[in-house]
Amino acid sequence: MKAVQIRTFGGPEGLALVDLPTPVPTEGEVVIAVEAVGVAGVDVLIRRGALAAYGFEEGFVPGSEVAGTVTAVGQGVDASWVGRRVWAFTGTGGGYVEQACAPLEQVLPLPPGLSPAHAVAVGSPGAVAHFGLAHAHFAPGDAVLVRGAAGSIGIMAVQLAARKGASAVAVTTSSAERGERLRRLGATDVLDRSGHGGADAPAGYDVILDVVAGDDLPSFFDRLNPHGRMVAVGVVGGQPPADFGTALMARFQKSISFATFSADTVGAADLQAVRREHFTAAARGELTAVVHDVLSLDQAVLAHHKMDAGEVFGRIVLTP
């Protein structure tokens, strides 16, 4: 089967289309004929070599979520799964392939009316946004700022915060055009990347959900209300400064807090329950799945160039 490997860490040209053996499911697994692969920010970080310290090596196949049709099952899996349209989480990698393996506990049937491309734009991003807001103790009436809102996680966070009764949903983004698109998804105020602009935007926020991190993260502590909570759910802008805790402590009297959130800390059953809810809502048109572009698997290099250029609004989807 065709697959995309990281031959060398660094730029997108380090990705290569290769032939790999078709997977055989082990006990508790299914094999999926892939119709859509979500290209995520973590794929970019792994490809650059930024996460090599966590055990990622050259030769790795990126991609963590796919959608398609089950073609084979392993021991202990009901044969009735064969032929079903599903979404699956493949782990930290293994998704840029024609045939993907996944444990049954990470597989969900797709509801009628939800395409594979839309499923991979909602599945993991929606769960991260949901549990990230929960980790920030978001409550109806809170003013929320989503930093880096044009990506798939940010887009889902905007919609979920608006649906759950936020008093305001401000966003940072790179252009007025993106800001207008985010307004149509539930944003009330549009700020520039530094958090400025929006004449009628709240002066402070109870919750900041940060997908970006990077050098500017500490400057957003000033945007938190007393008892405000910032939760970092991504590092697409790189790691924050090593001394960012000093900026946090300088605002000691405001009782603000900073936390990180990873979906790795949530049990599979809880993740699947939220994903199932989001898939149903998306199929009904209650949540919007935003697909920036659909490219073939052999265009993975182009997909990553688009990610590096920061021109993606929503999610790029690869199709074998």
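Predicted model: local features only at pLDDT ≥ 70, side-chain atom pairs only at ≥ 80, totals over all residues.
**Exercise 1. Which residue in β5 is the bridge partner of glutamate 65?**

Residues are numbered from 1 along each chain as its sequence is written, and side-chain values use heavy atoms, leaving out hydrogens and water.

*Solution.* 
- Step 1. Find the strands: β4 covers residues 65-73 and β5 covers residues 85-89. Strands are DSSP runs of E, at least two residues long; helices are runs of H or I, at least four long; both are numbered from the N terminus.
- Step 2. Check the pairing. Two strands pair if DSSP finds at least two bridges between them. Here 5 bridges join β4 to β5, and the two run antiparallel.
- Step 3. Read off the partner. Glutamate 65 is bridged to phenylalanine 89 in β5.

**Exercise 2. Is alanine 213 buried or exposed?**

*Solution.* 
- Step 1. Learn the classes. Buried means under 20% relative accessible area, exposed means over 50%, and partly exposed is in between (1.4 Å probe, protein chains only).
- Step 2. Locate the residue. Alanine 213 sits in the loop between β11 (205-210) and β12 (224-232).
- Step 3. Apply the cut-off. Its relative accessibility is 2%, so alanine 213 counts as buried.
- Step 4. Look at the backbone. Alanine 213 is not a glycine, yet its phi is positive, about 60 degrees. Most residues other than glycine have a negative phi.

**Exercise 3. Describe serine 255 in the same way.**

*Solution.* 
- Step 1. Serine 255 lies in the loop between α5 and β13 (257-260).
- Step 2. Its phi is positive, near 55 degrees, and serine 255 is a residue other than glycine.
- Step 3. Its relative accessible area is 42%, so serine 255 is partly exposed.

**Exercise 4. How does the radius of gyration of the chain fit a compact globule?**

*Solution.* 
- Step 1. The radius is taken over C-alpha atoms, and the globule rule is 2.2 Å times the number of residues to the power 0.38.
- Step 2. For 320 residues, the rule gives a value near 20 Å.
- Step 3. The chain has 20 Å, which agrees.
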